[in-house]
Amino acid sequence: MTESTQASTPWQAFLEQQGAHIEAANGPEVAYFGAAATAELPDNFVAPLTDLGLISLSGDDAASFLHNQITNDVEKLDLATARLAGYCTPKGRLLATFLMWKDAGQIVLQLPRALQPAIQKRLQMFVMRSKAKLADVSEQYVALGLAGNAAAEALQQWFPQLPAQAYAKTDNDNGTLVRVADSRQAPRYQWITSVEQAIAAWPALTQKLNAVGTHAWRLTDIYAGVPVITQPTQEQFVPQMINFELIGGVNFKKGCYPGQEIVARSQYLGKLKRRSVLALVDATDVRAGAEVFSSEDPGQPCGMVVNAEAAGAGKSACLVEIKLAASDSGTIHLGAVDGPVLQLQPLPYELAEPQ
């Protein structure tokens, strides 16, 4: 029934009872529900986000400590807002990207589960005398990704007042609901709740929404132009190279953090020469970290795949960081200059120059 040995948590055990096929490679991760994986992405779906981990920060100095570590403002983060943020090396290269929010007792960072232990350990190194406690709370909560115009109706019985725009947040006894960036011109929500609440809600949710594997959510992130740093791409990109400041992941007025001078210099000195684009490619085995090549300059790579997911019909959708000059002329190819051609697609936001 599954490719994992045994379900290691009550949530995984429940999902298996509901027909989930769980693979151990990424987390573990729900590959699909039912007899076989569906090739096409449904318009309306719910996906268990078992590939994501959560770091909780609490204590009197939690906000000020984290504010000095990441690319976005933490001290002014309120209870009705979530934010994207990045964690950089001193050279301004991203080690991780987060979705961040706070409640009455903690600040929460959500990131790929595969990165969570090392990133938490690195943050812990800098706590020193700060009154801040870091904890892995990945197993204490369940994250569900809900996408499509039917998602709002499906959520109404638990959240009568839904967040009205991207990165708005609401909390009640049923958990935390964050509206994230729209994808395919439809709203998306993350519901972070207890295992018990998720199990209780699942039958009603799946009456109105298609139950799909975790990868479906990552695919909608790609279509939304929202990058996620994973192990193959750590320390590869300054935030602007993956459009991170365009989607609200960088605050240029917040003051110092590791790599801040380089990030600021990239923003204000000269024209940006590298960005990320959305592309489709006729291949199903595309991986983050793969190099891409321009027909105009075949001797060296012109960029790198940031994120990629199978998108049906033998294709993959990708966010690809490239030299902007390479996207203006010739063709871009995956893996080698004679590899599959990247078919560039419009992003849902403009690749604006720094102001």
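How do the residues lining the largest cavity divide into nonpolar, polar and charged?

Author: They split into 3 nonpolar, 3 polar and 2 charged (nonpolar is Ala, Val, Leu, Ile, Met, Phe, Trp, Tyr, Cys and Pro; charged is Asp, Glu, Lys and Arg; polar is the rest, Gly among them). Bear in mind that this is a predicted model, with local features needing pLDDT of at least 70 and side-chain atom pairs pLDDT 80 or more, while totals for chains, interfaces and linings use all residues. Numbering starts from 1 along each chain as its sequence is written, and side-chain values use heavy atoms, with hydrogens and water left out.

The lining itself is Asn251, Phe252, Lys253, Lys254, Gly255, Tyr257, Gln260 and Ala264. Here a cavity is a set of points on a 1 Å grid over the protein atoms alone where a 1.4 Å probe fits but cannot get out, and lining residues have an atom within 4 Å of a point. The largest cavity holds about 40 Å³ of space, and the count comes to 1 cavity of 30 Å³ or more. Volume is the space filled by probe spheres set on points joined across faces, edges and corners.

How values were computed:
On a 1 Å grid over the protein atoms alone, a cavity is a set of points where a 1.4 Å probe fits but cannot get out, and a pocket is an open set with protein on both sides within 12 Å along at least five of seven lines; lining residues have an atom within 4 Å of a point.
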